[in-house]
Amino acid sequence: MKILSVSLLCLGLLGATGVSQAAGNCTISLKGDDAMKFDLKTATVSAACSSITVELTHAGKLPAAAMGHNVVISATKDMDAIARDGIKAGVANNYVTKGDARVIAATTLVGGGEKIKVSFPGKKLTAGGDYTFFCSFPGHSMLMKGKLTVTK
Ligand code: CO
């Protein structure tokens, strides 16, 4: 009986940990650098978050004109087209087409030493969906991209 109680307690603790992690996954925090890389290849957020915040820190030294970074979130299947159209939209639009319905969220462009963040409602994501975060600066999405896992 004592063993059973301990097991139940452990399950209870595991359950509590799972819940607190889900509730905490409302922020995506990325670092970009002068080597055209994000520090993360994957990130996880919860679709239950009333608001999800995307934070980007450019830890490099190069200016935005040479090594600009942003974070765009979209369905994985839309990434290439968004990046292509973003090049046409140009630097004045942070390499994101204005009003592009395929873009779930996008920060503006930053250069070395700068930070930016943007928030969007978790309900714009579907748990289990196939999403990607990437930088839409011309040529960067080849390397600067990662999988965004969305939990309930
Ligand atoms: Co970039």
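This is a predicted model: local features need pLDDT of at least 70, side-chain atom pairs count only at pLDDT 80 or more; totals for chains, interfaces and linings use all residues.
How many salt bridges does a search of the whole structure find? The count is four.

**Stop 1: Lys77 and Asp78.** Select Lys77 and Asp78 and show their side chains. These two residues form a salt bridge, with 3.3 Å between the closest N and O atoms. Colour the pair by accessibility: Lys77 has a relative accessibility of 71% and is exposed, whereas Asp78, at 14%, is buried. Asp78 is classed as buried because its value falls under the 20% cut-off.

**Stop 2: Asp85 and Lys88.** Move to helix H3, residues 79-89. Select Asp85 and Lys88, which form a salt bridge whose closest N and O atoms are 3.7 Å apart. The two residues lie three positions apart in helix H3, so about one helical turn separates them. Lys88 is exposed, at 70% relative accessibility. Asp85 is partly exposed, with a relative accessible area of 23%.

**Stop 3: Asp100 and Arg102.** Next, select Asp100 and Arg102. Here the closest N and O atoms of the salt bridge are 2.8 Å apart. Is Asp100 buried or exposed? Asp100 is buried, its relative accessible area being 13%.

**Stop 4: the network.** Salt bridges with shared partners link Asp85, Lys88, Asp100 and Arg102 into one network.

How values were computed. Residues are numbered from 1 along each chain as its sequence is written. Side-chain values use heavy atoms; hydrogens and water are left out. Buried means under 20% relative accessible area, exposed over 50%, partly exposed in between (1.4 Å probe, protein chains only). Helices (H or I, at least four residues) and strands (E, at least two) are DSSP runs, numbered from the N terminus.
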